[in-house]
Amino acid sequence: MSAATTAAPTPARASHQPMPEPRLRFGGVLKSEWIKLTTLRSTIWAYVILVVLQIAMGVLMVFTLDLGPQGSPAAADGAATAAVFAATLGVMFNQLVISVLGVLVISGEYGTGQIRSSLTAVPRRLPVLWAKALVFAVTSFVVGLVAILASYAVTWPLLSARGYTSSLLDPEVWAHLVGAAGYLALIGLVAFFLGAVLRHTAGGIAAAVGLLRVVPTELSFITAEWATVLGQWLPGVVGQTLFFGGDVFEPWQAVLVMLGWIAVVATPAAILLSRRDA
């Protein structure tokens, strides 16, 4: 009786080719930062407060400011100015709201330890910082513009009833409204990078509010010429050119100065994130 022979199975050849590394795209980092920003309760509350303040301050301005009688030359000549002033007055208060939120967006992750998970997922680190800043800036601009346009829509019939009729298609109107929203986004970025440098919520808020409010007030008490010039270059002062206008800077110059302030604080923030442990 012959024994049946069974061919032994050939062992699978081990592959020596390395597995391809997953490619992390900046779009994915942006998406994750968008999810984190929009799921924070502090973000929702801050933006709600921003919209409410913007509209409330515009209405308050219309009812309390002496605009002159209906049909007067002042009403005809200053309609665009009055419309812009009413729609953007709330920015003077909302710059503090957006600054506090800008600090919280980055310092909150350090406080909870979430930043370690973010940097583990993105070992190169800097894409996290740029993605977080970009998402925050674009969101703040959009929300700020919606709030300003809503304030304009609410105050327009009130001003029109007093003879101050303006048009949103007028460049003197829409350019200043867009500039006000841009200012909120830019000043929010200054606060954001201050928070990235200090990594502490209280310290970041104190630094941002101090730069916006305390420093200009203190410089106003100094009669020296250098104090006056320095005060004109502060971000909270030069940024008002974008919506209130000014004699020192043109709007495009004001944007460059604001970008310069952002670069001043963003550079150490990027260096510290790259070299310092989270």
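Guide: Start in helix α1 (residues 26-38), where K36 and E33 both sit, three residues apart, about one turn of the helix. Helices here are DSSP runs of H or I, at least four residues long, numbered from the N terminus. The side chains of K36 and E33 meet in a salt bridge, 2.9 Å from N to O. That term means a side-chain nitrogen of Lys or Arg within 4 Å of a carboxyl oxygen of Asp or Glu. Searching the whole structure turns up four salt bridges.

A word on the ground rules: this is a predicted model, so local features need pLDDT of at least 70 and side-chain atom pairs count only at pLDDT 80 or more, while totals for chains, interfaces and linings use all residues. Residues are numbered from 1 along each chain as its sequence is written, and side-chain values use heavy atoms, leaving out hydrogens and water.

Now the surface: F26, W130, L134, V138, V142 and V146 make up a nonpolar patch with about 520 Å² of accessible area together. To join such a patch, residues need over 30% relative accessible area and no salt bridge, with nonpolar side chains (Val, Leu, Ile, Met, Phe, Trp, Tyr) joined within 5 Å and like charges within 9 Å. Areas come from the Shrake-Rupley method with a 1.4 Å probe, and for residues only the protein chains shown count as cover. Helix α7 (residues 126-160) gives the most to this patch, five residues, and L134 lies in that helix.

Helix α7 also packs on helix α12 (residues 251-275): their axes come within 9 Å and cross at roughly 145 degrees. Axes are lines fitted to C-alpha atoms, for helices over the stretch in contact, with angles from 0 to 180 degrees between N-to-C directions. L126, L129 and W130 of α7 meet A266, A269, A270, L273 and S274 of α12, where contact means heavy atoms within 4.5 Å. By class, that contact has seven nonpolar, one polar and no charged residues. Nonpolar covers Ala, Val, Leu, Ile, Met, Phe, Trp, Tyr, Cys and Pro; charged is Asp, Glu, Lys and Arg; the others, Gly among them, are polar.

Phi of R125 is near 70 degrees, a positive value in a residue other than glycine.

Methods:
Helices (H or I, at least four residues) and strands (E, at least two) are DSSP runs, numbered from the N terminus.
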